[in-house]
Structure formats: C-alpha cells, structure tokens
Amino acid sequence: QVQLVESGGGLVQPGGSLRLSCAASRSAFRFYAMAWYRQAPGKQRELVAGITSGGSTNYADSVKGRFTISRDNTNITVHLQMNSLKPEDTAVYYCNAGSPAHGWWGQGTQVTVSS
C-alpha cells in the first residue's frame, strides 16, 4: 500500500517557484526523519533537503538559500518550498521517510524548469 504521496510538481519558468508536498498515510511518520531527493536524466539520485523529527534541517549546497524544507505534524506532511528555480533543478523529486536504504519512498513528482 502507498504510504507516501508527493504532489505539487509541474512546469515553471526559470526564476519561478513551486511548493512540493509529501503526505504520509500513518501518523507514526511524524517520528521519522524526512527528506526530499531528486533524480535528473543521466544523473544519480541526490539529497536535496532533509529534516529530522525535531525540525533540524540540512540542504544540498546547490539549493541553499533557494529551497526550504518544513514539516507539519498535524497533517503528517512535509513540504519543499522551491524559489529562484533554475533549469538544472529539473528532475523527478522523491519523498523519503526513515532512511534511503531502509525507509519508505514516494512515487515521485516531476519538476520541469524551462522557458
């Protein structure tokens, strides 16, 4: 059964903004670290941003100052606010809970930054 569902992807012009959301199906996910990863064609999947159960965050150098990760424990949802988007941000964005090796993954949502 699907436990993580991403939404909010789409087509946006360079310099624009998008807000991604990841909704969890079980309340227990509020105790897990959550993260956003992305994978562009021909590239390995990379960590974009992570957030612990306590709210501590970390970001890839390529998105620092532009992206913000947050979590809403009431709705068991994690968000990724993406500003000043660049064409190189184009990728499928995936939500992860727990850990990349032993946790759960969402199905992904496509983000395309293009004129």
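Ground rules, quickly. The model is predicted, so to speak of local features we need pLDDT of at least 70, side-chain atom pairs count only at pLDDT 80 or more, and totals for chains, interfaces and linings use all residues. Residues are numbered from 1 along each chain as its sequence is written, and side-chain values use heavy atoms, with hydrogens and water left out.

The sheet comes up now. Four strands make an open sheet, ordered S1-S3-S8-S7, with antiparallel pairing. Strands here are DSSP E runs of at least two residues, numbered from the N terminus. Two of them pair if DSSP finds at least two bridges between them. Strand S1 (4-7) and strand S7 (67-72) are the edges; each pairs on one side only. On average, neighbouring strands of this sheet are turned by 15° against each other, direction ignored. Those angles use axes fitted to C-alpha atoms and run from 0 to 180 degrees between N-to-C directions.

Next, the S3 and S8 pair. Strand S3 spans residues 18-24, strand S8 residues 77-82, and six bridges join them in the antiparallel sense. Within S8, Val 78 is the bridge partner of Cys 22.

What does Cys 22 form with Cys 95? A disulfide, with the sulfur atoms 2.1 Å apart. The cut-off for cysteine sulfur pairs is within 2.5 Å, and the count by this rule is one. The link is left-handed, at -80° about the S-S bond. Cys 22 sits in strand S3 and Cys 95 in strand S9 (residues 91-97), 73 residues apart, so distant parts of the chain are linked.

Buried or exposed? Cys 22 is buried, at 1% relative accessible area. Cys 95 is buried too, at 0%. Buried means under 20%, exposed over 50%, partly exposed in between, with a 1.4 Å probe and protein chains only.
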